[in-house]
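Thanks for coming, everyone. Please look at the sequence and the structure together, and we will walk through them step by step.

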Amino acid sequence: MNVTPLHAFNDNYIWLIGNGRQAVVVDPGDAAPVQAALAERHLELVAILITHHHHDHTGGVSALQADWPDAPVYAPAGERLPCPGAIAVADGDNLALPMVGLELEVIAVPGHTLGHIAYYGQELLFCGDTLFSGGCGRLFEGTPEQMHHSLQRLAALPEHTWVYCAHEYTQSNLAFCHAVEPGNAALLGYMKEVAKLRQQGVPTLPSRIGREKAINVFLRTAEPAVRAAAQVHAMAELNEDCQVFAALRRWKDHF
């Protein structure tokens, strides 16, 4: 089994999980790159996984359904999606995809949208727009409390877990992390690594949970330096980790 990023739009990644014969795709906002990859690799599409309802994650589903009518679409139970016949999944559900040798647990991660879910299993995390390398999704529907809790759930996964985010936002996210925590040596090293990758046009993803816990300020709200920076920017005393998160998210929205 291998996981390949398919580029879509300006900075989206559609994740193709394949075994040389069959494939599953995650968040196909555009059908064209998926259709091209399947044809080039001579793969049969056997399932589609959706994390949330935004069009850049669902826009290609109908065309793929037309091409592969037997491929089930799994989508969050808490959201209305343009996916006729989709199988609704919710927190704690388990998906068996033996065609590609994959078993996944569904994790509810509200915040970016209210019904957002992630898929986790076998050291792989497909988290849509909840967790990014060095960042997290904007709060379009949920509250800071919801997103903070969602991120803490993901941070509690094993540190070696691969993190498959849906956007190439890493370099700009790290610039914000550096503004918040300029003395973080792990962050400085990662910034250099990411700069080289982007100069070469290479994706910075997947990341690892352990790496994100070391560099991503949205997962580091308990760190004194992060809390102090958030308090200075917010010009307020922040006593709870969730308050620190909310201040960081507001800061990042205008960074």
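Start with Gln122. Gln122 is partly exposed, with a relative accessible area of 42%. The cut-offs are these: buried means under 20% relative accessible area, exposed means over 50%, and partly exposed is in between, with a 1.4 Å probe and protein chains only. Find Gln122 in the loop between β9 (117-121) and β10. Its phi is near 55°, a positive value in a residue other than glycine.

A quick word on the model. It is predicted, so local features need pLDDT of at least 70, side-chain atom pairs count only at pLDDT 80 or more, and totals for chains, interfaces and linings use all residues. Residues are numbered from 1 along each chain as its sequence is written, and side-chain values use heavy atoms, with hydrogens and water left out.

Most residues other than glycine have a negative phi, and most peptide bonds are trans. Met235 also has a positive phi, near 55°. Met235 is in the loop between α8 (224-234) and α9. Met235 is exposed, at 76% relative accessible area. Then there is a cis peptide bond between Leu205 and Pro206, with omega about 5°. Pro206 sits in the loop between α6 (185-199) and β14.

Now the strands. Two strands pair if DSSP finds at least two bridges between them. Strand β10 (residues 124-128) runs parallel to β13 (residues 162-165), joined by 4 bridges. There, Leu125 stands opposite Val163. On to β14 (residues 207-208): 2 bridges join β14 to β13, and the two run antiparallel. Here Val163 stands opposite Ser207.

Next, a charge and a ring. Arg208 lies over the face of Trp162, at 3.3 Å from the ring centre. That label needs NZ of Lys or CZ of Arg within 6 Å of the ring centre and within 35 degrees of the ring normal.

How many aromatic pairs does a search of the whole structure find? The search finds 8. Rings of Phe, Tyr and Trp (its six-membered ring) pair if their centres lie within 6.5 Å; planes under 30 degrees apart are stacked, over 60 edge-to-face, and the rest tilted. Take Tyr13 and Trp15: centres 5.6 Å apart, planes at 50°, so this pair is tilted. Both Tyr13 and Trp15 are buried. Phe176 and Phe255 are edge-to-face, 5.2 Å centre to centre and 75° between the planes. Phe176 is in helix α5 and Phe255 in the segment after α9, so the pair ties together parts 79 residues apart in sequence. Phe176 is buried, at 0%. Phe255 is exposed, at 52%. Ring pairs link Phe176, Phe218, Phe245, Trp251 and Phe255 into a cluster.

Last stop: the largest pocket. A pocket, on a 1 Å grid over the protein atoms alone, is an open set of points where a 1.4 Å probe fits, with protein on both sides within 12 Å along at least five of seven lines; lining residues have an atom within 4 Å of a point. Its lining has 14 residues, and Phe132, Cys136, Arg138, Tyr169 and Arg249 lie nearest the centre. Helices α5 (170-180) and α9 (241-253) each give two or more residues to that lining. That's my tour; questions, please.
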